[in-house]
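Let's take a walk through this structure together, beginning with the ligand and moving out to the strands.

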Amino acid sequence: MESKPTLEDIVSLAKRRGFVYQGSEIYGGLAGTWDYGPLGTLLKRNIVSEWLKFFVDSWDDMYQIDSAILMNPKVWQASGHVDTFTDPLVECSNCHNRLRADHILEDAVNLTEEDLKSAKCPVCGKTGTLGEARQFNLMFKTTVGPIEDEKNIAYLRPETAQGMFTNYKNILDTFYPDLPFGVAQVGKAFRNEISPRDFLFRVREFEIMEFEYFLPENLWEAKFEKWRKDMHSWFKHLGLPEDKIKEIEVPEADRAHYSKRTIDFHYDFPSLGFDEVGGLAYRTDFDLKNHQEHSGKDMSYRPKDGSEPFIPHVIEPTFGVDRNFLAVLSSAYSEDEQGGEKRVFLKLPLHLAPVKAAVFPLLKNKPELVSKAKEVHKLLRKQGIGEVMFDDNGNIGKRYRRQDEIGTPHTITIDFQTLEDDTVTIRDRDTTEQERVKTNDLTPKA
Ligand code: GAP
């Protein structure tokens, strides 16, 4: 049975099974924030660690860093974020909601006052109530130190990229890499989105995995093409079907201020349709040049063959962790019928599944079964295959249902026959078929 979940199905499963909870829920929440529960944390951790293996650990020319979220505000002046990291904001004079103008009208770039006047407020439905659009800066402001004045303003970083540009010179001085080389970073970013929406899709606090790939200008087109293909392979590695990933060439008018070419990767999200899950940008030498100008520090690269120093250009592949997570959850969400009943299960690839296997004693009130199940559980945990769960709650049907819903690929049951011949049943999540195997065969062979 083909299952086409809605976003509501995903949100409900995420909450029901401990993947994602509303942020500050007991106080009524805080718009644009979500908390990852135990299973969501494991799934997110698996996505990030696969990304590191895929893009960082397997490359000789990648350097991972972890820079501070708070940076000198001059960074954001040099990067252009203070002046241009804005979205158009309009207010409705009837319901007083503040909205993103480009989410009301498609052609936001050429938005005129007339367009807005004739548009309908999407919240209260009135026409002619939307005011003039003004640019709203998305950076969260705070003050550093005990004196709350203008001089001490700092911003929560809206992207992780700038920490990589400001450390580019340090990497050069400590590791002497040849060009091209990349600096990678995974971390939190904050944007004061005008209208956070659609669960994890548009939030105010989120995580980015991205790298800046420094190279001579003449290589940018070839490398851009290479990273474009690698990004496709990454989405495949996440188990996302090819027909649900689309490339969008971003026209100049819609590109970020630093980009000469951008391709956005869109995923077909439930209820939302195709929307951005990652992007690939050619940032030219925009950032390093601006940091050189604003900081007064030389950002040029000195080729080892003694030729003229130059400022490298940069290609940036970027991935929203939360959107990758949402895409994985959505694509794994499946339904079928088992024994005349609807079953929901997550068809997660083994390398992403938060729980790799679950071990059950057939009956929880038989100490000999429980102790054998605990022994098998311990054995599997020792193998370092990832999270292995012990579950003796409720009847066996309920335990299968729970494990299916969290995407556990294999469930192992200890029954009376186990005590006689040391065999267990192992059940496959997707087919629900079971086979009997020796306990020793559960151990991966060297
Ligand atoms: N350094 C480049 C950069 O930050 P971006 O396209 O603005 O590029 C990177 O953001 C990725 O972060 C996006 O591709 C998207 O997946 C994710 N993202 C952006 N804004 C987001 C938000 N408000 N909530 C969740 N994810 C977001």
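Which of the 20 residues around the ligand come nearest? They are E159, E193, V203, E210 and E276. Keep in mind as you look that this is a predicted model.

Now turn to the nitrogen atoms of the ligand. E159 places a polar side-chain atom 2.7 Å from a ligand nitrogen. For E210, a polar side-chain atom lies 2.8 Å from a nitrogen atom of the ligand, and for E316 the corresponding distance to a ligand nitrogen is 2.9 Å. How much of the ligand does the protein bury? Taken alone, the ligand exposes 550 Å², and the protein buries 92% of that.

Where does the shell around the ligand come from? The elements that give two or more residues to it are β11 (205–215), β14 (273–284) and β15 (313–320). The most comes from β14, which gives four residues. By residue type, the shell divides into nine charged, eight nonpolar and three polar residues.

Next, find these strands in the sheet. β11, β15 and β14 follow one another in an open sheet of seven strands, whose order is β3-β10-β11-β15-β14-β13-β12 with mixed pairing. At its edges are β3 (62–65) and β12 (245–249), each of which pairs on one side only. From one strand to the next, the twist averages 25 degrees.

Finally, look at β14 beside β15. These two strands pair in the antiparallel sense over six bridges.

Key: Residues numbered from 1 in each chain as written. Predicted model: local features only at pLDDT ≥ 70, side-chain atom pairs only at ≥ 80, totals over all residues. Heavy atoms only, no water. Near = heavy atom within 4 Å. Polar contact = N/O pair within 3.5 Å; in protein donor to acceptor, adjacent residues only side chain to side chain. Areas by Shrake-Rupley, 256 points an atom, 1.4 Å probe, with all protein chains shown as cover. Nonpolar A, V, L, I, M, F, W, Y, C, P; charged D, E, K, R; others polar. Pairing = 2+ DSSP bridges. Axes fitted to C-alpha atoms, helices over the stretch in contact; angles between N-to-C directions.
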